[in-house]
Amino acid sequence: ALGAARDDGDAPAGVEVEGVNVSGLSPDEVERAVRYRARQLMAQPVVIVRDDAPERPIKVARSSLGARPQIERAVDEALEPRSLGGRILGGLGVAPTREVDIGFTVRQARVNAVVDRVAGDLDDPPVPARLRVTKDDIVVVPGKGGFGIDEFALRDRSAAMPQGPIDVAVGQQPPPVSEEEVKYLVREGV
């Protein structure tokens, strides 16, 4: 049984790429499976739902975000051999499943355009605290809260392109950089 646990260059036992079992496949077969799954994911839109308009979800084609699947990285990760202990567990048929995400890169300008579209008519964004340098001193200018969506979080979530909907809360938003954080940076000499 342990002979099946050797490292032969094929995908180890118990490896899935975005839900597709690639255990025991050759590197070429793993690459084909990853490419196929990436095409399937690219066909699914990113769905964004504002909590003040749940009946009007915003659907965005992944290609419109400039999405490019990270095929090579996913294949390399799927083919990565298990540790000796993992190979022994695999040979016994009890190795835990290793989940590999394909991952995508996106064009930030396109993600920003989607965030602007989702923010829509909410035009009171928070303002970060900042420093103002005068001739005699460095002054901390307090930030101010706003009303709308957390645009920073939506950028991150949109760029991650989850398979499920992205729920966006509308409400009071704190400044992205607080007065306390700026004062701390001044104290630390940053």
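Author: Let's start with Val94, which counts as exposed because its relative accessibility is 52% (over 50% is exposed, under 20% is buried, and partly exposed lies in between, using a 1.4 Å probe and protein chains only). Before going on: this is a predicted model, where local features need pLDDT of at least 70 and side-chain atom pairs count only at pLDDT 80 or more, while totals for chains, interfaces and linings use all residues. Residues are numbered from 1 along each chain as its sequence is written, and side-chain values use heavy atoms, without hydrogens or water.

Val94 sits in the loop between helix H3 (84–91) and strand E6 (98–100) (DSSP runs, with at least four residues of H or I for a helix and at least two of E for a strand, numbered from the N terminus). Together with Leu84, Ile88, Leu89 and Leu92, Val94 makes a nonpolar surface patch with about 450 Å² of accessible area (Shrake-Rupley, 1.4 Å probe, only the protein chains shown as cover). Patch members have over 30% relative accessible area and no salt bridge; nonpolar side chains (Val, Leu, Ile, Met, Phe, Trp, Tyr) are joined within 5 Å, like charges within 9 Å.

Now the charges. There are seven salt bridges in the structure, each a Lys or Arg side-chain nitrogen within 4 Å of an Asp or Glu carboxyl oxygen. In helix H1, Arg35 and Glu31 form one at 3.0 Å, N to O; being four residues apart, they are separated by about one helical turn. Both are partly exposed, Arg35 at 39% relative accessibility and Glu31 at 30%.

Asp124 and Lys144 pair at 3.1 Å, N to O. Asp124 lies in the loop between helix H4 (108–119) and strand E8 (130–133), and Lys144 in the loop between strand E9 (138–141) and strand E10 (146–148), so this pair ties together parts 20 residues apart in sequence.

In helix H5 (residues 151–160), Arg155 and Glu151 are four residues apart, about one helical turn, and their salt bridge spans 3.7 Å, N to O. Arg155 is buried at 19% relative accessibility, whereas Glu151 is partly exposed at 23%.
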